[in-house]
Amino acid sequence: MDTMNIFQELKARGFCYQQTDEEAIEKLLSTERVKFYVGFDPTGNSLHVGHLLPVMAMRLMQKAGHIPIVLVGGATARIGDPSGKKTARPMMTLETIAENVACLQKQLSRFIRTENGEAHFVNNADWLCKIGYIDMLREVGTIFSVNRMMAQESVKSRLEDGLTFLEFNYSILQAYDFMVLNRDFGCKLEMGGQDQWGNMVAGTELIRRKLGREVHCMTIPLLMDSNGEKFGKTAGGNNVWLDVNRTSVFDYYQFWRNSDDSQVEKLMLYFSPLPVDEIRRICDPAGNINRAKEILAYEATCLAHGEEAAREAFVTAGTRFGFADPECRVQTTSGIAKVDRSSVQAELPTAAVTAAELDDPAGLSIPKLLVLAGLCKTNSDGRRLIQGGAVSIDDVKVTDVNAKITRENFADGSFVLRAGKKNFRRVVLEQ
């Protein structure tokens with residue numbers, strides 16, 4: 001393939017959904033070192049993999065020499081973005097928002113280089129919380145048409161269920177963010193999910209009318225899994241978090257390793273830095289699709305948790321379930337090809353049971369243990385897994401949904417609890 005410019009690469013990898021002016025954006029990115037921004041509202045203290053698509057686009061843009069402005073919305077989180085939501089988001093305390101801002105900035109800095117002015121991290125509380133209400137109305141109120149705002153998909157989709165005036169203002173604040181970043185940083189491009197289109201276009205219009213400048217925005221498609229659901233959940237319905245205290249590195253690796261065959265190429269184009277041509281070759285249906293999944297899982301884990309963690313997760317999974325390409329016949333520039341499997345200690349993911357839980361008069365049921373171990377969300381889910389023949393202890397299938405765990409199960413110190421082919425825990429008794 002001929003050498004691609006960054007806009008062509010974004011398109012080839014599937015990142016481009018809508019643009020204000022495709023030709024103008026491609027020219028801008030080909031002729032200038034562009035400052036661009038992506039916003040994240042700190043609605044929680046961790047991102048999950050469903051948030052990563054714009055992060056990966058930022059990485060590509062930064063690699064091409066452009067400068068990301070990473071905005072964490074300490075002010076807009078106080079309101080709540082109605083986009084893609086059927087009901088209003090719960091109101092958070094200011095202390096919770098501040099804590100979430102710090103956590104998200106730390107997580108995002110793993111993906112974005114910050115040295116020597118290569119990126120800027122900002123918090124919109126620094127300007128939005130200093131503006132008086134009347135001042136805001138006088139400055140931008142005449143520019144926003146209520147009719148146009150009502151036509152935005154994020155507003156229309158909520159009218160039947162009810163949209164508060166608080167949420168209705170969100171679009172104005174996001175547009176104001178873009179204006180501030182253009183005025184103070186020279187930001188010329190906003191990127192975000194496709195559900196943000198109306199808010200983003202409002203920003204380009206505000207800048208045109210207030211500052212007399214042309215800026216652009218482009219959206220990234222929403223990513224769905226093979227079942228048509230929003231991407232980023234395990235088979236048990238749990239979010240896959242970047243916080244290792246909520247999703248272990250091994251489970252993070254396994255999430256990618258268990259990807260549906262039909263989605264591997266798309267996911268690798270999005271979530272690995274490997275060249276486009278190499279990805280398409282590796283993911284050829286006639287090739288070794290399981291090796292492609294290993295490479296995807298290894299690269300995605302590298303980005304989120306580092307090479308050492310990725311190597312350990314790869315070796316642990318391979319030791320337990322077998323390696324897809326033990327002789328490394330699939331040619332790849334991925335670091336997975338250089339992993340010395342004998343030099344890495346495989347560590348099985350572990351769940352601990354307390355003596356109190358074990359000695360509870362009601363007993364510790366296996367469905368409850370599945371929940372405690374993070375292998376499903378509810379006891380009902382656990383019972384369904386057992387009824388479906390998916391649960392085993394030390395490779396002995398569990399058939400009784402009422403079975404209990406006793407101290408005898410720990411006669412050898414621990415046992416392996418499995419839910420499905422590739423989800424398991426070493427269960428130990430906490431001393």
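A salt bridge here means a side-chain nitrogen of Lys or Arg within 4 Å of a carboxyl oxygen of Asp or Glu. Keep that in mind. The model I'm showing is predicted. In this structure, Arg291, Glu294 and Asp325 are linked in a network of such bridges. The structure holds 15 salt bridges.

Let's look at some pairs. Start with glutamate 118 and arginine 113. Their side chains meet in a salt bridge, at 3.0 Å from N to O. Is glutamate 118 buried or exposed? Buried means under 20% relative accessible area. Glutamate 118 has 18%, so it counts as buried. Arginine 113, at 37%, counts as partly exposed.

Next, the sheet. Five strands form an open sheet, in the order E7-E13-E12-E9-E10. The pairing is mixed. At the edges sit E7, residues 350–353, and E10, residues 396–397. Each of these two pairs on one side only. Now take E12 and E13. They run antiparallel, and 5 bridges join them. One detail: arginine 418 has phenylalanine 424, in E13, as its bridge partner.

Stay with E13. Which residue forms a salt bridge with arginine 425? Aspartate 251 does, at 2.2 Å from N to O. Arginine 425 lies in strand E13 and aspartate 251 in helix H12, so the pair ties together parts 174 residues apart in sequence. Arginine 425 counts as buried, at 6% relative accessibility.

Last pair. Aspartate 359 forms a salt bridge with arginine 407, with the closest N and O atoms 2.9 Å apart. Aspartate 359 is in helix H17, and arginine 407 is in the loop between E11 and E12. They are 48 residues apart. Aspartate 359 is partly exposed, at 47%. Arginine 407 is partly exposed too, at 44%.

Definitions and conventions: Residues are numbered from 1 along each chain as its sequence is written. This is a predicted model: local features need pLDDT of at least 70, side-chain atom pairs count only at pLDDT 80 or more; totals for chains, interfaces and linings use all residues. Side-chain values use heavy atoms; hydrogens and water are left out. Two strands pair if DSSP finds at least two bridges between them. Helices (H or I, at least four residues) and strands (E, at least two) are DSSP runs, numbered from the N terminus. Buried means under 20% relative accessible area, exposed over 50%, partly exposed in between (1.4 Å probe, protein chains only).
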